[in-house]
Amino acid sequence: MDKRKLVQALFAFATNAHVQGFYHGAIYRGKLKSACVPGLNCYSCPGALGSCPIGAMQAVEGSTEYGFSMYVTGFLVFVGLLVGRFVCGWLCPFGLIQELLHKLPARKIKVPKKADNILKWVKYLILLIFVIFLPILTADKFGISTPWFCKYICPAGTLEGGIPLLLANRPLRQAIGFLFSWKLLILALVILSSILIFRPFCRYLCPLGAFYGIFNPVSIRRYQIERSKCTKCGLCSAHCRMDIDVCKNPNSPECIRCGECVKACPTGALTGMAIRPEPQDSRCNDKIAD
Amino acid sequence: MKNTKHRRKLIQIFLLTASFLFMITGLLNGEAQTVLAKAVNICLECIGIG
């Protein structure tokens, strides 16, 4: 198991350590849930110890007292500013699930560049429409609204929360209806496409990835290329699972900071997630791109 | 290049300050309690039942 998989697995377990919840069909009800976890992790997952930031944002927007969540937005800006989409690559349980699915033996599909360039914008639309605008604009006279993204799109909620709870909780099973079938359909599509395409949900649908991605170019920890060392061999881009032209844009909003490009670089020109602005052996600023 | 780095540093400082101000304001407004109140109950909509 490589280092990243280990971190992903440990973090997924650490944030979903309420193991007895899976057996009893109940969720953790402690105070830790007032805090958000950085990744997409449904708070109705029986194991979840913290709150999903996307769910929390909609919960606050859809409550009687607030129209917009300063708390969750501040948290997301803070995390995004520190590490950008590093969260997606290293700390998100649903990202890990997709990666494991992609390991299943099947013919893999590379999404054509043209389609990829269009589809990647869908997640930004989902963030704006389903996570921000609809929960705010559709509030009833009491100020309460539906968590649109969680209710109609999020496959993580179905997989991490819905299925385990329904398996262990008989009364809940009586309430299954059309909505659950719809969400199962979305989940099935995401699972199937994850087998064929590397992280399709993260690439095209995840509003959390969209939010963090905005901060990739300005995040405190980010990739840097020392141009004097770069031979333009293209190995970094060839190893990129998110199909980014790393040499051209090492801090693309699509980058999940998995580090495959850094590992692939034969000359050490690419510095991974360095907090210090310059690589040690370079004093010439104009030779560094980031 | 130097200008870009300087500008980015300014953006980082601005965003860091803004994020802290947002979080503190949200906490003082009691948003964390709202999150807690929602998260300690099974969100039927989130799991596809509501």
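What distance separates the centres of domain 1 of chain A and domain 2 of chain A, taken over C-alpha atoms? In this predicted model, in which local features need pLDDT of at least 70, side-chain atom pairs count only at pLDDT 80 or more, and totals for chains, interfaces and linings use all residues, the separation is 29 Å. Residues are numbered from 1 along each chain as its sequence is written, chains are lettered from A and ligands numbered from 1 in the order in which they are written, and side-chain values use heavy atoms, with hydrogens and water left out.

The domain assignment, which is of automatic or database origin, places residues 3-214 of chain A in domain 1 and residues 221-290 in domain 2. Contact (heavy atoms within 4.5 Å) involves 19 residues from domain 1 of chain A and 11 residues from domain 2 of chain A. The buried area, that is, the accessible area (1.4 Å probe) that the two parts lose on being put together, summed over both, is about 1400 Å², with 48% given by carbon and sulfur atoms. Of the area that domain 1 of chain A buries against domain 2 of chain A, 34% is supplied by A:Arg85, A:Phe198 and A:Arg203, more than by any other three residues.

Three salt bridges are counted between domain 1 of chain A and domain 2 of chain A, a salt bridge being a side-chain nitrogen of Lys or Arg within 4 Å of a carboxyl oxygen of Asp or Glu. A:Arg203 also forms a salt bridge with A:Asp243, in which the closest N and O atoms are 3.2 Å apart.
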